[in-house]
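Subject: Structure handover

Hello,

Here is the structure I promised to pass on. Please open it first, then read the notes below it.

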Amino acid sequence: MKSTISADWILVTGTSSGIGRAATFTVAENGYRVLAAVRKPEDVESLLAEAGTRQVAGAVEPIILDVTDAGQIAAAVEIVRAKIAAGGRLHAIVNNAGSQWAGPIETLPLTDWRLQFEVLFFGPIALTQRLLPQLRASRGRVINVTSIGGIMPGPMIAAYQAAKAALEAVTDSMRIELAPFGVHVSAIAPGSISTPMLKRSSEQLIRIADALPKSLQPFYADALRAFAKTTVTAGRFSTSPEKASLTILRAVTASRPRTRYLIGMDAKLSAFLKHNLPDRWMDAVTFRMMGLPRQVKSQKGVYQVQPQS
C-alpha cells in the first residue's frame, strides 16, 4: 500500500455498488485519488461516509455522472481538467457503469436493446473519446469492465451480452489505436460477482416469466425460470467485489498490464471451453449447465430442441 496520496487521478464509473464501489476504495487505499462517478446524489453521501470510515476521505471525490448524458460527460471532463491544472494527472479511466435488461430476444423491445447499448457500449466510448487528450498526456490507461458473457454469450440476457461483446471488440481496437501514444488498454471480464445486480437478475427473470403473454408462456417461461435458478446457484460460488477489485488494481498499477483479465474460476473455465469446443458442443453444455428445457410444448405440437452435429 502506498504511504502517501499521489497526484494520479483515476476516474471510475458505476461506483454506487459492486465492483465499482470496491475498486474505488481499493485504489484509494493504495495511494491514488479517485473520481467516483455515480448517478444519484444519495450515493455521493454514502461514498463520502465510507471514505471517512476507511480513512481515505481526502482521496475519494464523488461526482455525478450518467454515462448516457452528454452534458454530464462534459462536466466530468471539466472536473478532470481542473484536477490536472491543479498539478494532477489522469492516470486511468475505469469504464464500469452497468445495468441489465433481460428477456427473450423475441420479446425484448428494441428500446431496451438501445438503452442497454447506451449504458454499456456508447457511454464508455463517449467518455473515453473526451478524455483521450488527458490520457495521451499522461501515457495513462483505459480499463473496460466487460463480462464473460461478452466472450461466451447465452440465452435470456442477449442484449446485455451483445453490448459486452461489442465492448470487448472495441477494447481490442482501442488497444491497437492507442498503443503508439503509450496508452494501455485492458479488458476485465468478470464471471459471477456477488453484487446487487446478480440478486436482482434472478428476481427480474421470474417477473419476466410471469408477465409473458399467454401465447408465449409455453415457449419461454420454463427457460426463464430455469435461468433464474441457475443465477441463484451462481451467487453461491461468485467472486466478491472486493476480490474482483484487486484485479482492477493490478491493471491500474502494472507497468505492462495484460490485455485481458478474467475474474473467477467460472470465467476462466467458460473462456477455455468457448475457445476449445465446437459451437454445438458448447450449446449442449449450456443446456445442461442451465437446466434449460430441451423441448417446448404448445397447442401446435412439440418443438424438439437438440444440438445438431
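Start with leucine 249. Its relative accessibility is 12%, so leucine 249 counts as buried. Buried means under 20% relative accessible area, exposed means over 50%, and partly exposed is in between (1.4 Å probe, protein chains only). Leucine 249 belongs to helix H8, residues 241–253. Helices (H or I, at least four residues) and strands (E, at least two) are DSSP runs, numbered from the N terminus.

Before going further, a word on the source. This is a predicted model: local features need pLDDT of at least 70, side-chain atom pairs count only at pLDDT 80 or more, and totals for chains, interfaces and linings use all residues. Residues are numbered from 1 along each chain as its sequence is written, and side-chain values use heavy atoms, with hydrogens and water left out.

What does leucine 249 touch, not counting residues up to four places away in sequence? The partners are Thr26, Val27 and Asn30. Contact means heavy atoms within 4.5 Å. Glutamate 42 is another matter: leucine 249 and glutamate 42 are 26 Å apart in space, C-alpha to C-alpha, and 207 residues apart in sequence.

Now the helices. Two packed helices are described by the angle between their axes and the distance between the axes. Axes are lines fitted to C-alpha atoms, for helices over the stretch in contact, and angles run from 0 to 180 degrees between N-to-C directions. Helix H1 (residues 18–28) packs with H8 at about 55°, and their axes are 8 Å apart. H1 and H8 are therefore oblique to each other. Angles under 35 degrees count as roughly parallel, over 145 as roughly antiparallel, 65 to 115 as roughly perpendicular, and the rest as oblique. H1 and H8 cross in a right-handed way. A crossing is right-handed if the near helix is turned clockwise from the far one by less than a right angle, and left-handed if anticlockwise. From H1, the residues in contact are Gly18, Ile19, Ala22, Ala23, Thr26 and Val27. In H8 they meet Pro241, Glu242, Ala244, Ser245, Leu246, Ile248, Leu249 and Val252.

**The H3–H4 pair**

Helix H3 (residues 70–85) packs with helix H4 (residues 110–138) at about 25°, with axes 10 Å apart. That makes H3 roughly parallel to H4. This crossing, too, is right-handed. H3 brings Ile73, Ala74, Val77, Val80, Arg81 and Ile84 to the contact. H4 brings Gly123, Ala126, Leu127, Arg130, Leu131 and Gln134.

H9 covers residues 265–276. Its 12 residues reach 16 Å from the first C-alpha to the last, close to the 16 Å expected at 1.5 Å a residue. The expected span is 1.5 Å times one less than the number of residues. Ala267, Ser270, Ala271 and Leu273 in H9 are buried. They cover an arc of only 165° around the axis, which puts them on the same side of H9. The arc is that of the directions from the helix axis to the C-beta atoms. The face turned away from the buried side carries the exposed Met265, Phe272 and His275. Cover for the buried residues of H9 includes strand E6 (184–190), strand E7 (260–263) and helix H10 (279–290).

Which residues of H10 are buried? They are Met282, Thr286, Phe287 and Met290. These fall within an arc of 145° seen down the axis of H10, so they line one face of the helix. Trp281 and Arg288 are exposed on the other side of H10. Just after H10, glycine 291 has a positive phi of about 65°.

Serine 186 lies in strand E6. It is buried, with a relative accessible area of 2%. Beyond four places in sequence, the contacts of serine 186 include Val142, Thr171, Pro257 and Tyr261. Glutamate 168 is in helix H5 and is buried at 7%. Its contacts, again leaving aside neighbours within four places, are Thr146, Ile151, Ala187, Ala189 and Arg260.

**Two loop residues with positive phi**

Glutamine 55 is not a glycine, yet its phi is positive, about 60°. Methionine 156 is not a glycine either, and its phi is about 75°. Glutamine 55 sits in the loop between helix H2 (41–53) and strand E3 (60–64). Methionine 156 sits in the loop between strand E5 (141–145) and helix H5 (158–178). Glutamine 55 counts as exposed at 72% relative accessibility, whereas methionine 156 is buried at 10%.

Best wishes
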